[in-house]
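Reader: I would like to learn how to read a structure of this kind. Could we take a few features in turn?

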Amino acid sequence: MSAAKSTSSAWQKYLMIPKLVRLSRRAPKDRHKAWDKYWAGISTTGPGGEVLWDSGSDHEFLGYKDTLLRHLDPALPVVDIGCGHGSFTRALAGIFPRVIGVDVSPHAVARAAAEPQGTGNTTYEARDMTAAGAGAALAESIQAAADGANVFIRGVLHVLDPAHQVALVENLLQLAGRRGTVFMAETNFHGNPVEYVSHLGASTRGIPAPLELAIRGLPMPGHFGPAERERAFPASDWELLEDGQVAIETNPVTGVPGQDRVPGYYAVVRPRH
Ligand SMILES: C[S@@+](CC[C@H](N)C(=O)[O-])C[C@H]1O[C@@H](n2cnc3c(N)ncnc32)[C@H](O)[C@@H]1O
């Protein structure tokens, strides 16, 4: 390909901007309402389903399994924060005795509870984990106030603005208590929104349906990597046990190899006492 031609195709994706603006203008401004409306409209999950961040496979989770088993005390419950339709909640229930999925969206929680559970050790609860006191209230409600609970959180911090990240982490500190550990995995894509949606398969020819549903209904995500983790989980309160790069696996909507994998970041942290 000539240099001029490759430059013009690199810029072509920016022709999507008017369409992206038109679609995203319809998203409710209230983030919690946006999430609940999104989940209310989801009718299919798993392979070939409508959820953008659902790969329909346990491959990504299996990549986390050894790390989780190495750091999380199995005597404590595991809370999947921002569990969505619960695919990771159910995977966690395959390796830990008691798992609780929590999400701000009542429709997400209803959807998660309605999916085939496999094991009988999962429960779900609707709760805004950025609200003041939510961590202590949740610890109380799951009877984890004495020792604390472990936390699994995937794909949630990067959808919150910095102030809400700090509010959520304050709650995680309360929830983790004396013995709990927090595992996080987040997308950490460095590029502008057009580059991000292009990576996920959008082009001037069309936008895959699960991606369009997300653009239409949800706040624009950011990215979450080491710098964001250091800010949200200050070293004065949290000890970093392990971190590194991961691939966050999404819905393989285009079938193009690699397009369904988003560069990501994982970390394991524990409250300092
Ligand atoms: C990108 S989805 C990830 C869902 C799930 N963790 C997964 O990986 O399949 C983000 C989830 O965070 C939830 N969420 C957003 N803000 C929240 C909050 N303040 N408290 C609890 N959950 C929240 C959303 O409803 C949504 O289900």
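**Reading the features**

Author: We can begin with Thr 45, which sits in the loop between α3 (31-40) and α4 (59-71). Keep in mind throughout that this is a predicted model.

Reader: Does Thr 45 count as buried or exposed?

Author: The cut-off for buried is under 20% relative accessible area. Thr 45 has 17% relative accessibility, so it counts as buried.

Reader: Which residues is Thr 45 in contact with, leaving aside its neighbours within four places in sequence?

Author: Thr 45 is in contact with Val 51, Asp 54, His 85, Arg 111 and Glu 115. With Glu 115 there is also a polar contact between the two side chains, at 2.7 Å.

Reader: Glu 115 interests me. Where is Arg 90, which touches Glu 115?

Author: Arg 90 is in helix α5 (residues 87-93). Its relative accessibility is 15%, so Arg 90 counts as buried. Besides Glu 115, and not counting residues up to four places away in sequence, Arg 90 touches His 85, Ala 112, Pro 116, Gln 117 and Tyr 124.

Reader: Next, the helices. Which residues of α3 are buried?

Author: They are Ala 34, Trp 35, Asp 36, Tyr 38 and Trp 39. The cover over the buried residues of α3 includes α6 (106-114) and α10 (209-217).

Reader: What caps the N-terminal end of α3?

Author: To read a cap, look for a side-chain atom beside a backbone nitrogen at the helix end. Here Asp 30 does this, with a side-chain oxygen 2.9 Å from the backbone nitrogen of His 32.

Reader: How many Å should the 15 residues of helix α8 span?

Author: The expected span is 1.5 Å times one less than the number of residues. For α8 (residues 162-176) that gives 21 Å, and the end C-alpha atoms are 21 Å apart, so the two agree. The buried residues of α8 are Gln 165, Leu 168, Val 169, Asn 171, Leu 172, Leu 173, Leu 175 and Ala 176. Gly 177 follows α8 and has a positive phi, near 55°.

Reader: Which residue other than glycine has a positive phi?

Author: Gln 143 is one, with phi near 55°. Gln 143 lies in the loop between α7 (134-141) and β4 (150-154). At 70% relative accessibility, Gln 143 counts as exposed, because the cut-off for exposed is over 50%.

Reader: What about the loop between α8 and β5 (182-187)?

Author: Arg 179 is found there. Arg 179 counts as partly exposed, because its relative accessibility is 33%. The side chain of Arg 179 makes a polar contact of 2.4 Å with the side chain of Asp 73. Arg 179 is also in contact with Ala 75, Leu 76, Asp 147 and Asn 150, leaving aside neighbours within four places in sequence. The C-alpha atoms of Arg 179 and His 273 are separated by 9.7 Å, though these residues are 94 apart along the chain.

Reader: How should I read the nonpolar core?

Author: In soluble globular proteins, nonpolar side chains tend to be buried together. Here the largest nonpolar core has 71 residues, and Val 182 and Phe 233 have the most contacts inside it.

Reader: What does Val 182 touch, not counting residues up to four places away in sequence?

Author: Val 182 touches Val 151, Ile 153, Leu 172, Ala 176, Phe 233, Trp 238, Ala 267, Val 268 and Val 269.

Reader: Is Leu 68 buried or exposed?

Author: Leu 68, in helix α4, has 0% relative accessibility and so counts as buried. Leu 68 touches Phe 61, Leu 92, Ile 95, Phe 96, Phe 152 and Phe 183, again not counting residues up to four places away in sequence.

Reader: Which residues are closest to the ligand?

Author: There are 18 residues surrounding the ligand, and the closest are Trp 39, Gly 82, Asp 103, Asp 128 and Arg 154. To read such a site, go atom by atom. An oxygen atom of the ligand lies 2.6 Å from an N or O atom in the side chain of Asp 103. For the side chain of Arg 154, the distance from an N or O atom to a ligand oxygen is 2.8 Å. A ligand nitrogen is 3.2 Å from a polar backbone atom of Val 104.

Reader: What feature does UniProt place at residues 78-133?

Author: The unreviewed UniProt entry gives "domain: Methyltransferase" for residues 78-133. Over those residues the chain is 29% helix and 25% strand, with the end C-alpha atoms 19 Å apart.

Technical notes: Residues numbered from 1 in each chain as written. Predicted model: local features only at pLDDT ≥ 70, side-chain atom pairs only at ≥ 80, totals over all residues. Heavy atoms only, no water. Helix = DSSP H or I, 4+ residues; strand = E, 2+ residues; numbered from the N terminus. Buried < 20%, exposed > 50% of the residue type's maximum accessible area, 1.4 Å probe, protein only. UniProt positions renumbered as here; feature names shortened; annotations may be inferred. Core = buried A, V, L, I, M, F, W, Y, C linked by side-chain atoms within 4.5 Å. Contact = heavy atoms within 4.5 Å. Near = heavy atom within 4 Å. Polar contact = N/O pair within 3.5 Å; in protein donor to acceptor, adjacent residues only side chain to side chain.
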